[in-house]
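Hello,

Here is the structure we spoke about handing over. My notes follow below it.

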Amino acid sequence: LADRQEVRAKLVGEDASSDLAVLKITGSGYPYIELGDSDSIKVGEWVMAIGNPFPSQGLDRTVTVGVVSAKGRRGLNFGQDTPDFQDYIQTDAAINPGNSGGPLVNLDGYVIGINAAIASASGQSAGIGFAIPSNFVRSVVTDLMTTGRVQRGWLGVSLSDIDADMAEANGLPSPRGVLIGEVR
């Protein structure tokens with residue numbers, strides 16, 4: 001902890017598909033902040049990214065500020081640890097290595113996201129960071145705390161968005177809907 005106290009934690013549950021986990025620590029009096037409504041944030045809204053980058057250099061417990069740059073970012077590739085489920089809040093608040101798991105907080109003091117990833121050629125913050133929306137976090141955490149795992153439905157098909165070229169090739173009036181590419 002910030003006062004150098006160490007506490008044991010028990011893993012309640014983890015969900016690799018969303019890159020989230022719940023830990024339980026014993027004791028009381030720990031400070032916390034509440035989850036807010038990530039659906040209510042708007043592009044351009046000011047946010048703060050709180051994290052623990054570079055603690056070996058004495059740069060632990062930092063706050064950076066920026067704005068929400070975009071909502072609903074999907075289809076991002078972060079290498080072999082890329083989560084399956086993506087609906088990221090994009091921010092230009094610096095999210096450095098070590099900030100993952102820290103909160104993205106709105107100016108009302110509510111957690112509207114969990115810092116998760118950055119887009120960077122160097123591995124350092126380039127002003128393009130991503131947070132898991134708090135409303136998604138809330139649903140995953142509820143499942144993890146109730147059953148220790150997340151259950152998801154499985155339809156057994158591969159879906160692709162229909163772009164303008166696909167719509168034209170298939171005689172569709174507009175690029176709407178999805179294409180079922182494979183039935184498993």
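What covers the buried residues of α1? The cover includes β1 (9-15), β2 (20-25), β7 (111-118) and β8 (129-133). Helices (H or I, at least four residues) and strands (E, at least two) are DSSP runs, numbered from the N terminus. Buried means under 20% relative accessible area, exposed over 50% and partly exposed in between, with a 1.4 Å probe and protein chains only.

This is a predicted model, in which local features need pLDDT of at least 70, side-chain atom pairs count only at pLDDT 80 or more, and totals for chains, interfaces and linings use all residues. Residues are numbered from 1 along each chain as its sequence is written, and side-chain values use heavy atoms, with hydrogens and water left out.

On α1 itself: Ser134, Val137, Val140 and Leu144 are its buried residues. They lie on the same side of α1 because they cover an arc of only 120° around the axis, the arc being that of the directions from the helix axis to the C-beta atoms. The helix runs over residues 134-147. Just after α1, Gly148 has a positive phi of about 85°.

As for the whole protein, there are two helices and 10 strands, in the order β-β-β-β-β-β-β-β-α-β-α-β along the sequence. Of its 184 residues, 29% are buried. The C-alpha atoms fill a box of roughly 65 × 35 × 30 Å, taken along the principal axes.

Regards

Terms used
Expected span 1.5 Å × (residues − 1). Contact = heavy atoms within 4.5 Å.
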